[in-house]
Amino acid sequence: MKPLQRLLAAALLAGLAGTAQAQFGDLLRQLPIPGAGNILNTPAAPGGAAAAGDLLQMLAQSVDNIDEPREIEIGRQLAAVLLGSKPLHSDANLQRYVNRLGRWLSLQSERPHLPWTFGVLDDAGFNAFAAPGGYIFVTKGLVDRVDEAELAGILAHEITHVTARHHLKALAAKARSGIATQLIASQVRSNIVGNAISAQMLALGRDLYTSGLDRADEHDADRQGVTLAARAGFDPYGLPSVLQQLRTAAPDNPLFTLTLSTHPPAQQRLEVLEAAMGNRLDALSGKPSVPIATRLRAR
Ligand SMILES: [Zn+2]
C-alpha cells in the first residue's frame with residue numbers, strides 16, 4: 001500500500017471508530033493534502049467559520065478569486081456538510097476499494113494533483129455527491145446496485161464536476177443572489193458541524209445539494225465522465241448503463257428521489273450522451289461486468 005493510501009485508510013479507520021461527528025471531523029482533519037499542506041493550517045482558513053464568510057464574499061465577486069487552496073477549503077467545508085447529514089459506512093474494506101478506484105480515475109483527469117478523497121456514505125438511497133477540491137461521496141445504496149464499470153462512470157461524472165469547478169460556479173451564483181442571508185434566517189442551528197463551518201456555508205451547501213447544479217454542467221459531466229472512464233480502462237458504457245437504471249426507476253421510489261430531482265431527466269441525459277458518443281467508443285465497450293462484491297472478496 002502506498003503511504004498516501006495507508007494514511008487515508010488510517011484516517012478512515014480512526015474516523016469510523018467514533019461517533020458520526022467524530023467520524024468526519026477526524027477524517028477531514030487527518031486527511032493528507034498533497035501539495036497543499038494541511039488545509040486547516042492554510043492562511044485561507046485562519047478561523048474556520050469566519051473565513052467561510054470571506055470565502056463566500058470572494059466567490060460572490062468572481063469565481064476567479066478562488067485559487068486552489070481556497071477551492072479546497074470550500075470543498076472541505078461542503079464535505080463536512082455532507083458528512084454531517086450522512087455518516088461514512090463502517091465497511092473499511094469497501095471504503096478502501098472505492099478510494100482506490102476513485103484515485104485511479106482522478107489520476108487520468110485534468111487535475112490529478114488535487115487531494116482526491118472518496119467515501120461511501122451509510123445511506124440506502126442512490127446518490128453521489130462531489131465538493132470542490134476533490135471530495136467525492138457515493139451512497140451504500142448506490143454501490144449495492146452497480147458493477148465496477150458503472151461505479152467508475154459515476155465517479156468519473158463526479159470527478160468532472162470537480163475538475164470543471166461546477167460547484168464553485170453554482171455557489172457563486174447563490175452567494176450573489178443573496179440567498180445565503182434568506183437561508184440563514186430560516187436555518188436550524190447546526191449542532192453537528194460545530195464551529196468547523198459557518199452558518200452561511202452550511203446554508204448554501206444544503207441548498208446546493210438539494211437543488212443541484214446547472215443542467216448544462218450535468219450534461220458536460222456525463223460527456224467528460226464517459227471519456228475519463230474510458231481513458232482509465234473501464235467500459236465507457238458504464239455511465240449510460242446507470243442512466244438506463246435511473247430512467248426505469250419509479251419516480252416515486254424515495255431512494256431515487258434526490259438524484260432524479262437534482263439532475264436532468266435520465267432519458268434526456270442518455271440522448272445528449274448518445275449524440276456526443278456516437279459509436280466512437282464502441283471498440284472500448286463489451287468488457288465483462290465485474291461485480292463489486294467480487295472485488296471485495298478478492299482483497
Ligand atoms: Zn452531476
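Predicted model: local features only at pLDDT ≥ 70, side-chain atom pairs only at ≥ 80, totals over all residues.
View A. On the α7 side, the contact is formed by A149, E150, G153, I154 and H157. The residues contributed by α12 are G238, L239, S241, V242 and Q245.

**View B. The zinc ion is held by three protein donors, H157 (NE2), H161 (NE2) and E218 (OE).** These donors lie 2.0 to 2.1 Å from the zinc ion, and their spacing along the chain is H-x3-H-x56-E. H157 belongs to helix α7 (residues 148-163) and E218 to helix α11 (residues 215-231), so this pair ties together parts that are 61 residues apart in sequence. Both H157 and E218 are buried. H157 also takes part in the contact between α7 and α12.

**View C. Helix α7 is mostly covered, with 16 of its 16 residues buried.** At 1.5 Å a residue, the 16 residues of α7 should span 22 Å; the C-alpha atoms at its ends are 22 Å apart, and the two values therefore agree.

**View D. The two ends of α7 are flanked by D147 at the start and followed by R165.** A side-chain oxygen of D147 reaches to within 3.2 Å of the backbone nitrogen of A149. A149 is also one of the α7 residues in contact with α12. After the helix, R165 has a positive phi, near 55°.

Conventions
Residues numbered from 1 in each chain as written. Heavy atoms only, no water. Donors = N, O, S within 2.8 Å, 3.2 Å for Na, K, Ca; no water. Helix = DSSP H or I, 4+ residues; strand = E, 2+ residues; numbered from the N terminus. Buried < 20%, exposed > 50% of the residue type's maximum accessible area, 1.4 Å probe, protein only. Expected span 1.5 Å × (residues − 1). Polar contact = N/O pair within 3.5 Å; in protein donor to acceptor, adjacent residues only side chain to side chain. Contact = heavy atoms within 4.5 Å.
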